Amino acid sequence: MFGKSKVDNYEYFGEASSSDIQTNERFKEKLDFLALSKVRRHSVSLLNQIYTENRHEILDNFYTRLLSIPEFKKIIVENSSVERLKVTFDRHFSSLFQDELNIEYVFKRRRIAYTHARIGVLPNWMISAYTLINQLIIPLIAKQCGRDYKKNARYIACI
């Protein structure tokens with residue numbers, strides 16, 4: 001009567017095993033590896049909505065956490081300001097959901113990576129920052145999707 005209903009496993013690669021987005025061969029390899037399709041790309045519209053509705057909270061929490069780490073605080077103070085970085089990050093993060101996936105998309109992200117490397121933000125810190133963003137956004141996705149685990153899994157897989 002009150003038993004748990006059986007939950008099917010979510011199969012990310014069961015929906016599509018390669019990308020249907022047309023781009024150059026080198027970038028296409030990466031899209032195929034991620035199985036990033038036009039349908040999955042459209043799924044990020046919910047992520048864009050969640051981010052847009054919660055951007056101030058996300059950015060405040062993100063930079064509060066970064067400033068609590070002396071190494072990051074030093075880099076921020078020496079190279080910019082939190083307010084300026086919030087504007088830059090907001091523009092960058094929004095573009096992840098809106099920009100067309102093409103070679104310019106790759107070059108834009110590469111320029112950001114070079115800038116981070118030049119000022120001393122190492123790849124391990126970039127991965128940590130990405131994880132922090134996930135920690136801030138995943139609860140918002142769960143709140144939006146409720147108990148629909150497939151919808152939760154589909155949107156979490158997009159970040």
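Biologist: Let's start with F62. Which residues does F62 touch, not counting residues up to four places away in sequence?
Modeller: F62 touches F89, A129, L132, I133 and L136, with residues up to four places away in sequence left out. Do keep in mind that this is a predicted model.

Biologist: Good to know. How confident is the prediction, as an average pLDDT for the protein?
Modeller: The protein averages a pLDDT of 82, and 77% of the residues score at least 70.

Biologist: And which elements have the lowest and the highest mean pLDDT?
Modeller: Helix α1, residues 12–15, has the lowest mean at 55, while α4 has the highest at 94.

Biologist: Back to the inside, then. How many residues are in the largest nonpolar core, and which have the most contacts inside it?
Modeller: That core has 28 residues, and F62, Y63 and F89 are the ones with the most contacts inside it. At least two residues of the core come from each of α3, α4 (70–79), α5 and α7 (123–145).

Biologist: Which helix gives the most to this core?
Modeller: That's α3, with 10 residues. As a general point, nonpolar side chains in soluble globular proteins tend to be buried together.

Biologist: Let's talk rings. How many aromatic pairs does a search of the whole structure find?
Modeller: The search finds 6 aromatic pairs. One of them is Y51 with F93, a tilted pair at 4.7 Å centre to centre and with 50° between the planes. Y51 is in helix α3 and F93 in helix α5, 42 residues apart, so this pair links distant parts of the chain.

Biologist: Are Y51 and F93 buried or exposed?
Modeller: Y51 and F93 are both buried.

Biologist: What about F89 and F93, why is that pair called stacked?
Modeller: Their ring centres are 5.5 Å apart and the planes meet at 15°, so the pair counts as stacked. The cut-off for stacked is planes under 30 degrees apart. F89 and F93 both lie in helix α5, 4 residues apart, which is about one turn of the helix. F89 is buried, as is F93.

Biologist: Nice. Which residues form the aromatic cluster?
Modeller: Y51, F62, Y63, F89 and F93 form one cluster.

Biologist: On to charges. How many salt bridges does the count come to?
Modeller: The count comes to 5 salt bridges. Among them is D90 with R55, where the side chains meet at 2.7 Å, N to O. D90 lies in helix α5 and R55 in helix α3, so the pair ties together parts that are 35 residues apart in sequence.

Biologist: Are D90 and R55 buried or exposed?
Modeller: D90 and R55 are both buried.

Biologist: And which residue does D60 form a salt bridge with?
Modeller: D60 bridges to K86, with the closest N and O atoms 2.4 Å apart. This pair ties together parts 26 residues apart in sequence, because D60 lies in helix α3 and K86 in helix α5. D60 counts as partly exposed at 37% relative accessibility, whereas K86 counts as buried at 15%.

Biologist: What about E83 and K86, how many residues apart are they in helix α5?
Modeller: They are 3 residues apart in helix α5, so about one helical turn separates them. E83 is exposed, with a relative accessible area of 55%.

Biologist: Which residues are linked in the network of salt bridges, then?
Modeller: D60, E83 and K86 are linked in that network.

Methods. Residues numbered from 1 in each chain as written. Predicted model: local features only at pLDDT ≥ 70, side-chain atom pairs only at ≥ 80, totals over all residues. Heavy atoms only, no water. Core = buried A, V, L, I, M, F, W, Y, C linked by side-chain atoms within 4.5 Å. Buried < 20%, exposed > 50% of the residue type's maximum accessible area, 1.4 Å probe, protein only. Contact = heavy atoms within 4.5 Å. Phe/Tyr/Trp six-rings, centres within 6.5 Å; stacked < 30°, edge-to-face > 60°. pLDDT = per-residue confidence, 0-100. Salt bridge = Lys/Arg side-chain N within 4 Å of Asp/Glu carboxyl O.
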